[in-house]
Structure formats: structure tokens, C-alpha cells
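Hi everyone, thanks for coming. Today I'd like to walk you through some side-chain contacts, so please have a look at the screen.

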Amino acid sequence: MSKERAVPSAMFVQEIFSLNVYKRTQGKVTRQVTCIAIWVGFALAAWALKVALETTSVPAGELIFPGLLLASGLWLGYRLVNYPRFADFLIAVEAEMNKVSWPSRGELVRSSLVVIFVIFALAFILFGYDLLWQTLFKSLGVLKY
């Protein structure tokens, strides 16, 4: 007989209500930033819900439901970054980001200036083409303004 595997959704629910911190010292920065991003998303959603519920006739509802959404979002964000599969992914992301060779400040400035110059040059070239075609089409009577 094959071994019974636990249902993934049951494992997820069990992990959400757990108090354990998975691999506490690994991927700390990436996990903290991800958790804060989830918290900001839920805070904005709670604020939008509060604004939407201000027009309702239930005065207590405009604070209770957004508060519940915010509280559950804070807990879910904290627990999600400690869910083993997601935490392992975030740990691997941080490990890969540590391998990246980042440019020096001077190289970054030079590269940015080249990109900005090329963008403006292409914008002026396209503006010139636009004027050329506009003049041509006006002289042919295709454009009338």
C-alpha cells in the first residue's frame, strides 16, 4: 500500500494557525520586506473598505469589517512568510540576490545618462517624423486642420 499523503490545503490551514517561525535566521531581509508588502496591501484594502462603507447606514460596520480585514491580513502576512514552501522560495531568492554583481555608483550614473539621452533622442526623431508626415499629408489634402 502507498503511504497516505496529507492534503496540502489541510497542511496550509494547520501552518496558518501555527506559532512556529520557519528557519528563523535564513532569508531574513527578503521575508521581512515581503511581509511588510503584504501588510501594506491589506492596510490599503482595509482603508478602501472603510471608505466604501462610510456611505452605509451601519455606523459600526465601517470600523468592524475593515478592522477584521486588517487584523486577518496582518496575521496572514506574518504566517505566509513562515509557510515552509513560500519561506524556502524567499530564502532562495535572497541567496540568488546575494550572488548578483551590482554596478558601482559611477557606472550606474553613466548607464542611466546613456538611457536618458537615447530616450530623448528617439523622442525628437519621432517628433520630426511626425511633423514630416503631417506636412506631407496636409499638402496632399489627406489631413484637413
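I'll take the charged pairs and then the aromatic ones.

A quick word on the ground rules. This is a predicted model, where local features need pLDDT of at least 70 and side-chain atom pairs count only at pLDDT 80 or more, while totals for chains, interfaces and linings use all residues. Residues are numbered from 1 along each chain as its sequence is written, and side-chain values use heavy atoms, with hydrogens and water left out.

Let's begin with charge. Side chains of opposite charge can pair when their charged atoms come close. How many salt bridges does the structure hold? There are 2, and the term here means a side-chain nitrogen of Lys or Arg within 4 Å of a carboxyl oxygen of Asp or Glu.

One of them joins lysine 50 to glutamate 54, with an N to O distance of 2.9 Å. Lysine 50 is partly exposed at 26% relative accessible area, and glutamate 54 is also partly exposed, at 41%. For the cut-offs, buried means under 20% relative accessible area, exposed over 50%, and partly exposed in between, using a 1.4 Å probe and protein chains only.

Glutamate 96 and lysine 99 make a salt bridge too, and their closest N and O atoms are 3.2 Å apart. Why are these two about one helical turn from each other? Because they sit 3 residues apart in helix α4, residues 84-99. Helices here are DSSP runs of H or I with at least four residues, numbered from the N terminus. Glutamate 96 is partly exposed at 46%, whereas lysine 99 is exposed at 61%.

Now for the rings. A pair of aromatic rings is described by the distance of the centres and the angle of the planes. Searching the whole structure gives 3 aromatic pairs. Among them are phenylalanine 86 and phenylalanine 89, which count as stacked because their centres are 6.4 Å apart and their planes meet at 25°. Our rule pairs rings of Phe, Tyr and Trp (its six-membered ring) with centres within 6.5 Å; planes under 30 degrees apart are stacked, over 60 edge-to-face, and the rest tilted. Both phenylalanines lie in helix α4, 3 residues apart, about one turn, and phenylalanine 86 is partly exposed at 25%.

Tryptophan 133 and phenylalanine 137 have centres 5.6 Å apart and planes at 35°, so this pair is tilted. Both belong to helix α5, residues 105-140, and are 4 residues apart, about one turn. Tryptophan 133 is partly exposed at 46%, and so is phenylalanine 137, at 32%.
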